[in-house]
Structure formats: structure tokens, C-alpha cells
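Here is a short report on one protein model. Keep the structure in view while reading.

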Amino acid sequence: IGGVGKTTLLKRINNFMEGIGYEIVIFVVVSENGSIEGIQKDIVIRLGMKVENTTHLQREGIIRRCLNDKKFVLLLDDIRKEWDLEEVGVPIHGNNKNYKIIFTTRSRIVCDQMQAKRTKIECLNNEEAWELFKTTVGETILNSTIEINRIGEQVAQECGGLPLAL
């Protein structure tokens, strides 16, 4: 479901992983119009290399050489279909076992195709939604009048527990 907080969670994972000993943390937004070329270019740029005048195979080689013996994390946001990460250049079948690949998707099928361990992110229940709304708006504003508080509760319910909407 959109708006439940997948991207926000991935960004927090990105910040966390950078501080716990991974040599390289790469965050790529894939989305509906994603392509192998686009994913490769984002990775190569993150690795500090130049992408101008490089072919698909050259970028694949650059990525493979840079990541082959490194402890790395690849975060792919909003993937809509299965991706062959070896074709991108990500060395997932070699001797290097010091990597993590984490992605967000709305599709169980994509998770199954990519042989991923799934974690489902749920909407907030009414109590959690109201707490998030209060934190975001601020107690001072909500408590300024009874009417504002009542309207705030209605708005929080209408958001259906979606953190992004709240």
C-alpha cells in the first residue's frame, strides 16, 4: 500500500547502516520507470565514478569490481518488477557474503521472484494514528479549542492509518 512508510523506513535503514561498519551504502530509487541503465548509473555515481560515455557492460564491470570484496548494503526503493542484480553488476553469487540487499515494493510477487524474506508494513491503528497526528500538529494547537481537537480526531481517522497522510 502506498503511504504506509516504506521509503521512510528505508531512509532510516540507510542512515543506520552507514554507522555500523558497512564500507558502502547505496540508496537507489527505482520506481515504475526504472531501468538497468538507471540503476547502474545511480550506483556508479554513488561509488564516485563517472558514467559518461560508458556502456552497460562497462558499468556492470565497474560495479562488480568496486563491490566484489567490500562490505556493502544496496537499498532499492519502490521496485515494481524482478531485477537481475547480477546483470546490474551487483556481485551476489561470488565469495563475498558481507552484503545486504534491502528493497521496498508493493508486490508480494516481486518478493517471491527475488527470493526475499518479506516484512509487511501495516497501517497504524486508530490510537497510533492519533498519537502521530498529535505529535505532528502539536498539543498546543490541538488543545487550543475543543472544536480543533474534534476536527483533528476526524482528520486522523480519515487518513486510514497511513503515516504519510497523517
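Arginine 80 and glutamate 32 form a salt bridge, with their closest N and O atoms 3.6 Å apart. Arginine 80 sits in the loop between strand E2 (72–77) and H4, and glutamate 32 in the loop between strand E1 (24–29) and helix H2 (36–46), so the pair ties together parts that are 48 residues apart in sequence. A salt bridge here means a side-chain nitrogen of Lys or Arg within 4 Å of a carboxyl oxygen of Asp or Glu. Side chains of opposite charge can pair when their charged atoms come close.

The model is predicted: local features need pLDDT of at least 70, side-chain atom pairs count only at pLDDT 80 or more, and totals for chains, interfaces and linings use all residues. Residues are numbered from 1 along each chain as its sequence is written, and side-chain values use heavy atoms, with hydrogens and water left out.

**Salt bridges**

By this rule the count comes to 10 salt bridges. Three of them are set out below.

| Salt bridge | Closest N to O |
|---|---|
| Arginine 80 and glutamate 32 | 3.6 Å |
| Aspartate 78 and arginine 80 | 2.9 Å |

Aspartate 78 counts as buried, at 15%. Arginine 80 has 40% relative accessibility and counts as partly exposed. Glutamate 32 reaches 60%, so it counts as exposed.

The pair of glutamate 37 and lysine 41 lies within helix H2. These two residues are 4 apart, about one turn of the helix. Glutamate 37 is partly exposed at 42%. Lysine 41 is partly exposed too, at 30%.

**Overall build**

The protein has 8 helices and 3 strands. Helices (H or I, at least four residues) and strands (E, at least two) are DSSP runs, numbered from the N terminus. Along the sequence the pattern reads α-β-α-α-β-α-β-α-α-α-α.

The C-alpha trace spans about 65 × 30 × 30 Å along its principal axes. The radius of gyration is 20 Å, while a compact globule of 166 residues would have one near 15 Å. That radius is taken over C-alpha atoms, and the globule rule is 2.2 Å times the number of residues to the power 0.38. Of the 166 residues, 34% count as buried.

Two domains are assigned: domain 1 (6–114) and domain 2 (126–159). Their bounds come from an automatic or database domain assignment. The domain centres, taken over C-alpha atoms, are 39 Å apart.

**Pockets**

Pockets are found on a 1 Å grid over the protein atoms alone. A pocket is an open set of points where a 1.4 Å probe fits, with protein on both sides within 12 Å along at least five of seven lines. Lining residues have an atom within 4 Å of a point. Grid points are joined across faces, edges and corners, and a volume is the space filled by probe spheres set on the points.

The largest pocket holds about 1,300 Å³. Its lining has 36 residues, and Phe103, Cys111, Ala116, Lys117 and Arg118 lie nearest the centre. Helix H1 (6–18), helix H4 (85–88), strand E3 (99–103) and helix H5 (108–113) each supply at least two lining residues. E3 gives the largest share, 5 residues. By class, this lining has 17 nonpolar, 7 polar and 12 charged residues. Here Ala, Val, Leu, Ile, Met, Phe, Trp, Tyr, Cys and Pro count as nonpolar, Asp, Glu, Lys and Arg as charged, and the others, Gly among them, as polar.

Arginine 118 lies in the loop between H5 and helix H6 (126–137). With a relative accessible area of 48%, arginine 118 is partly exposed.

The second largest pocket has a volume of about 230 Å³. It is lined by 15 residues, with Gly3, Gly5, Lys6, Thr7 and Leu164 nearest its centre. H1 contributes the largest share of this lining, 3 residues. The classes are 4 nonpolar, 7 polar and 4 charged.

Notes. Buried < 20%, exposed > 50% of the residue type's maximum accessible area, 1.4 Å probe, protein only.
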